[in-house]
Amino acid sequence: MEYALERIKLRNNWTAGLSNMLNAEFKNWFLTKRIWTQILVWSIILFGLVVLAGEENFAVSQSIGLYSTFIGVFACIGVIVSAQGVIIRERRSGVTSWLLSKPVSRTSYIISKFAGNLSGYTIAMCLVPTLLTYTYLSFRTGELLPVRGLMGFMAIVVLYFSFYLSMTIMLGSFFRNRGAVAGIPIGVFFAESLFSGVLPELAPYFPSGLVVSEGSNSIAVDLFLNETIGFYGSIITTSSLTLLFFFIAIWRFNREEL
Amino acid sequence: MNGNIIQTFGIGKSYKGNKVLQDLSLNVQKGSIFGFLGPNGAGKTTTMKILLGFSKASEGTGNIFGKDIVRDGIEIRSRIGYLSQDPKFYDNLSTRENLRLTARFFFKNDKKAIDYRIDEVIEITGLSKVADRKIKGYSGGERQRLGIAQAQINKPDLLILDEPTSALDPLGRKDVLTVMENLKDKTTIFYSTHILSDVQRVSDTVAILNDGICLAQGPIDQIMNDNSSNVFQATGRGYFKKSINELKSKPWVSDIVYRRNEEKNSTDLHIEVSDTREAEESILRILMRDPSNIITNFGLKTYELEDSFINIITAGAK
């Protein structure tokens, strides 16, 4: 029996090929053992450290602060290291040329890489370890911690991941060298700590203020504890820079010679 | 479109001031197997990259199916199948999964219809036995077959193949050329190569590129005839001395090259003439006038594509 194939009506716009590219990226994350490996690794690292570090007499706020800082340091570096090859690896291997020889816009390509990887990192490095930590802390206190705070915490962590992911993807669209693509974001990460000490008045604007608690609680911790956020500087800076990096990545990749 | 699937107008490309492609005007007719011929580094891949939108031309314009190669890239690529020189796919997927991913860029059907098409191309390219194996351990030939399969999945109006046979052994080459011949009635094929025998076997039209400059373009017979000059070839037993002297005295004979093989008692004559018609009527008569000559072969010298290619490239270099 023969089937008549129905062609997709394609136009010359930026959405061409997007749904299929997204589908491929999600499958690559969620229909392979990759997601289970990542969940296992990050749950052991993040949740495991909280359990090990959190003594019985540790206040819940201290445990959340510690967990948030672990995410801010370890998961952030994990995002950078894992995302460094997102563009470069496929471009070097020739897979990018293969995909873009199909009716796929370059904008769709970048969006799919961003969305696919962000969802993978969110589940493996944020959702599962945070739910484990939430359950553990709720057991310890004998009552359920506020769910709204939990959601707010995770939203901030995702924004933090987006910042480093968009920066890494943007650099991947400029450079063909993994060293530069991973090195610059790691440099930015450490520069934040350095400048927080040198220019403390700028610190509340830095992305690290979202999750890393230095002296005062980070925004993520405040949200988790259902406390009022005093200053939104980090959220505004991080959101703006994430969007900027994302659009620069698209702009640059559209000019790339393959 | 004027029956042309691909048309380029004075396309050029420079990298850091170095011109790698100059003033290229191609006309690829619908239904043809167009061989894009040239030595390595001639600019063939650059041309293909420009046609596919991977790279922007520094000068000139072009269209495929009458649509602009820069502005209408998505529409153009929806009707094209492309095989790169060193085809790469998702190594962690099988042939079937890679083909399903490719098909989803073109078709919105349910799984059954797409799987039916995938089975068709797997069958055509002889990948049935390895279709469900991850492609990580594929041989060069299997990878090339997968490349051809994915290029055909959308039933393209134009196949662009970059050196489709260069990495293959003789058997693999033969297979790929057979697939190309079988596709002739279904699609236009524009392919690059430096293997002249492949071109001679399957192409009907060729363009010859060297150092970024198109030196010749047209039907393959015409390219070969244009470069055949007017040389008659005669072979026979005997010394042909009298005949050669007589031929030399004729005003329409420009040059005679004489080769004697004593072992075989054979003589080979190459007679270059300025008037083919006069030569056709007279040469054989002159040769046969001497009864000691026994003619075993006579005719206008036919050239292989290789001779034409070398002539064109050499003339271009001068």
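How far apart do the C-alpha centres of domain 1 of chain B and domain 2 of chain B lie? After that, please take strand β1 (residues 4–15) of chain B and its pairing.

Tutor: This is a predicted model, in which local features need pLDDT of at least 70 and side-chain atom pairs count only at pLDDT 80 or more, while totals for chains, interfaces and linings use all residues. Residues are numbered from 1 along each chain as its sequence is written, and chains are lettered from A and ligands numbered from 1 in the order in which they are written.

The C-alpha centres of the two domains of chain B are 46 Å apart. Domain 1 covers 4–219 and domain 2 covers 229–301, with bounds from an automatic or database domain assignment.

Now to the strand. Strands here are DSSP runs of E of at least two residues, helices are runs of H or I of at least four, and both are numbered from the N terminus. Two strands pair if DSSP finds at least two bridges between them.

Strand β1 (residues 4–15) of chain B pairs with strand β3 (residues 27–29) of chain B through three bridges, in the antiparallel sense. Opposite B:Asn4 in this pairing is B:Gln29 of β3(B).

B:Ser14 has B:Lys19 of β2(B) as its bridge partner. Two residues separate β1(B) from β2(B), and the two strands form a hairpin. In the turn, B:Lys16 has a positive phi of about 50 degrees.

Elsewhere, chain B meets chain A: 31 residues of chain B are in contact with 26 residues of chain A, contact being C-beta atoms, placed from the backbone, within 7 Å. On the chain B side, helices α1 (44–52), α2 (73–77), α3 (95–103) and α4 (111–124) each supply at least two residues. The chain B side consists of 13 nonpolar, seven polar and 11 charged residues. Ala, Val, Leu, Ile, Met, Phe, Trp, Tyr, Cys and Pro count as nonpolar, Asp, Glu, Lys and Arg as charged, and the others, Gly among them, as polar.

Methods: Two residues are in contact if their C-beta atoms, placed from the backbone, lie within 7 Å.
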